Amino acid sequence: MRELLHDTAERAARYLERLDDRPVFPSSSAVAGLAALDEPLPEKPCEPAATLRLLDEVAGPATVASAGGRYFGFVTGGTQPAALAASWLAAAWDQNAAFTVMSPAAARLEEIALGWLAELLGLPTGCAGALVSGATLANVTALAAARHALLLRQGWDVERDGLFGAPPLSVVVGDEVHVSVLKALGLLGLGRERVLRVPVDAQGRLRADALPPLSDSTIVCLQAGNVNTGAFDPAREVIAAARAAGAWVHVDGAFGLWAAASPAYAQLADGLGDADSWATDTHKYLNVPYDSGAVFCRHPEQLRGAMMVGAAYLQTADQREAAHYGPEFSRRARGVEIWAALRTLGRTGVAELVERTCRHARRFAAALRDAGHSVHNDVVLNQVLVSFGDADTTRKVVAALQAEGTCWAGATTWQGRAAMRISVSSWATSDEDVERSIAAMLRVAREL
């Protein structure tokens, strides 16, 4: 085992050291090389070292270099060194984080990590939380708590009796709602298309003056960080209206909620702490390994009511049990790497990480605008939208840039306009990475 793990560490270190010298997206030959993995299920065991070698030498070259500093797609961060090392150690421990009896260490680290996260994100003291696979499942969990609370108010136990015959609920979203919220609503039986959509402004912010009538059977979903522009819905105005009506407010803050961790950007998150529930990713801004996210709820009894589970064989403790606050039973100990990242960075380190990526985004926007290209968004956080002429030319520039390999940014359509979307989310992105990427973008645009 020791020899195998040493070999693994050497291969992993070598992979990371070579990221700077390889294309961000794998070559066509590397992708074609994956055909070597297409083999029948082996009849007999083989040496673990041989399996590892095949994985490293065949699959490794066909990976996307998202762990490096020049990947700007999908709001994807790299993995901080401390979080990577903690993840390896946690994998060696092989702990199930569902109940304290399964791992006192995992339970305690998770509880500490959730407390630190809530503090950094400006959430109220005493809120309950859970670690999940990402913001999609965090949205599912939070909206399940909202569904539980609003129906219980009307005398309906949805966990016991289901939705057949239940009193109706209404859901209000901005017209730029993220698809993960709609997916969550679909999974919960609240309907992706039954939502009431509120018009948005030119930056994608929900217009508070266009809210429909709200009631105590309404869930309002706000967005902290539009996935294209980085814009924030007007929390104070919307939450005040929701409070007056008795509505539940949920915040989808996959990456934008992290603005609260930076004194320089905390004003963007102003008022969000007054909501009822929040969803965020830790594999985005905090840069811990996939899959990792967090959900928080102002009302612990409502989250517990939606997620509580019991059976005669389950041995529970008097303290918090993770399985009572999230949807999963067996799961890995995500809290280990989150704790390690937060313990290593500290409050100022997290703030600096947010501020650095935002500075990089502003640099991208300024350089591209100065070169005559159209930047469509106010760069308030880490997102940049840019077009290189008409829609066809813009799409060609994006495709050519991705093929060229210096960096990787995705394509999107923003309010009817084709654009390239630059998401700066990684601790590994340096000033040099940004300048190399800008040069490649401008060169590809000139050539086309």
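Among contacts in the chain between residues at least 6 apart in sequence, what percentage join residues at least 24 apart? In this predicted model, the share is 74%.

Figure 1. Of the 448 residues, 52% count as buried, while the chain exposes about 19800 Å², of which carbon and sulfur atoms supply 55%.

**Figure 2. Close-up of a nonpolar patch on the surface.** The patch is formed by F25, V31, L34, L37 and L54, which together have about 360 Å² of accessible area. One of these residues, V31, has its place in helix α2, which covers residues 28–32. The relative accessible area of V31 is 39%, so V31 counts as partly exposed, given that this class lies between under 20% for buried and over 50% for exposed.

**Figure 3. Close-up of D281 and the residues that D281 touches.** D281 is found in strand β7, made up of residues 277–281. Because its relative accessibility is 2%, D281 counts as buried, the cut-off for that class being under 20%. When residues up to four places away in sequence are not counted, D281 touches G134, A135, A254, W258, S292 and G293.

Methods:
Residues are numbered from 1 along each chain as its sequence is written. This is a predicted model: local features need pLDDT of at least 70, side-chain atom pairs count only at pLDDT 80 or more; totals for chains, interfaces and linings use all residues. Side-chain values use heavy atoms; hydrogens and water are left out. Patches are made of residues with over 30% relative accessible area and no salt bridge: like charges are joined within 9 Å, nonpolar side chains (Val, Leu, Ile, Met, Phe, Trp, Tyr) within 5 Å. Accessible areas come from the Shrake-Rupley method with a 1.4 Å probe; for residues, only the protein chains shown count as cover. A salt bridge is a side-chain nitrogen of Lys or Arg within 4 Å of a carboxyl oxygen of Asp or Glu. Helices (H or I, at least four residues) and strands (E, at least two) are DSSP runs, numbered from the N terminus. Buried means under 20% relative accessible area, exposed over 50%, partly exposed in between (1.4 Å probe, protein chains only). Contact means heavy atoms within 4.5 Å.
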